[in-house]
Amino acid sequence: MQSWSLQVYDVIRFMDKHPGGNEVLLAATGKDATNDFEDIGHSALAGDTMIMHCISEVDSSTVPAKHNSVPPQQTYNADKGSDFVIKILQFLVPISISGLAFTVQQTLHQSRFRHFLIL
Ligand code: HEM
């Protein structure tokens, strides 16, 4: 079987800076990502940036061509109702506080306490 040398890149610190987003990088981890990288038609700048993240080299015969691992599945969130309640509260709480402040202001405006303060 023919083998060649593959550069290994640690992209953990580059994930959030990658102009193509972190999901495509994640999808290309743990395998030979040469075709993924070249299919995009990355610029020379991308090639230069890449060098900074190179940490090692491995023999290609030891690397799977495709992902062998199954990414963790997101757990089903059965409590969708509480999201709805939180969204409603995000509107209701500020409106209630504004209403309360307005009522207090009006009450003070009409009360004798206010006249006492002015005099
Ligand atoms: C360390 C490895 C990588 C580096 C340093 C890198 C760097 C970059 C840079 C600088 C750009 C901006 C466009 C350009 O200058 O070419 C870019 C765009 C992009 N990259 Fe990467 N990249 C890496 C790996 C990958 C891989 C493995 C994939 C795909 C699986 C990928 C997919 C993309 C995509 C989809 C875009 C957006 C292209 C567009 O909007 O036209 N990149 N990358």
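Start with the ligand: 20 residues sit around it, and Pro19, Gly20, Asp36, Ser43 and Ala46 come nearest. Keep in mind that this is a predicted model, with an ipTM of 0.91 and a pTM of 0.64. The protein itself has five helices and two strands, and 0% of its 119 residues count as buried.

**Around the ligand**

- Three helices each put at least two residues into the shell around the ligand: H1 (22–27), H2 (34–39) and H3 (44–52).
- H3 gives the largest share of that shell, with four residues.
- Sorted by class, the shell comes out as 13 nonpolar, six polar and one charged residues.
- Gly47 belongs to helix H3, and H3 is one of the helices that supply the shell.
- Why is Gly47 classed as exposed? Gly47 has 10 C-beta neighbours inside 10 Å, and a residue with 12 or fewer goes into the exposed class.
- From Gly47 to Phe37 is 10 residues along the chain, and their C-alpha atoms are separated by 9.6 Å.

- Mean pLDDT for the protein is 84, and 78% of the residues reach 70 or more.

**Overall layout**

- Walk along the sequence and you get β-α-α-α-β-α-α.
- Take the contacts between residues at least 6 apart in sequence: 82% of them join residues at least 24 apart.
- On burial, the figure for the protein is 0% of 119 residues.

**The two strands**

- S1 (residues 5–9) pairs with S2 in the antiparallel sense, over five bridges.
- Ser5 stands opposite Asp59, a residue of S2.

- Ser61 lies in the loop that runs between S2 and helix H4 (80–110).
- Ser61 counts as exposed because it has 10 C-beta neighbours inside 10 Å.
- Ser61 and Ser5 are 56 residues apart in sequence, yet their C-alpha atoms are 8.9 Å apart in space.
- Val63 is also placed in the loop between S2 and H4.
- Val63 has 14 C-beta neighbours inside 10 Å, so it counts as partly exposed.
- Which residues does Val63 contact, leaving aside its neighbours within four places in sequence? They are Leu6, Lys31, Asp32 and Val58.
- One of those partners, Leu6, is 57 residues from Val63 along the chain, with 8.8 Å between their C-alpha atoms.

- Ile12 has its place in the loop between S1 and H1.
- Is Ile12 buried or exposed? Ile12 counts as exposed, because it has 11 C-beta neighbours inside 10 Å.
- Ile12 and Asn22 are 10 residues apart along the chain, and their C-alpha atoms are separated by 9.4 Å.

Terms used. Residues are numbered from 1 along each chain as its sequence is written. This is a predicted model: local features need pLDDT of at least 70, side-chain atom pairs count only at pLDDT 80 or more; totals for chains, interfaces and linings use all residues. pLDDT is the predictor's confidence in each residue, from 0 to 100. A residue is near a molecule or strand if its C-beta atom, placed from the backbone, lies within 6 Å of it. Ala, Val, Leu, Ile, Met, Phe, Trp, Tyr, Cys and Pro count as nonpolar, Asp, Glu, Lys and Arg as charged, and the others, Gly among them, as polar. A residue is buried if 20 or more other C-beta atoms lie within 10 Å of its own, exposed if 12 or fewer, and partly exposed in between; C-beta atoms are placed from the backbone. Two residues are in contact if their C-beta atoms, placed from the backbone, lie within 7 Å. Two strands pair if DSSP finds at least two bridges between them.
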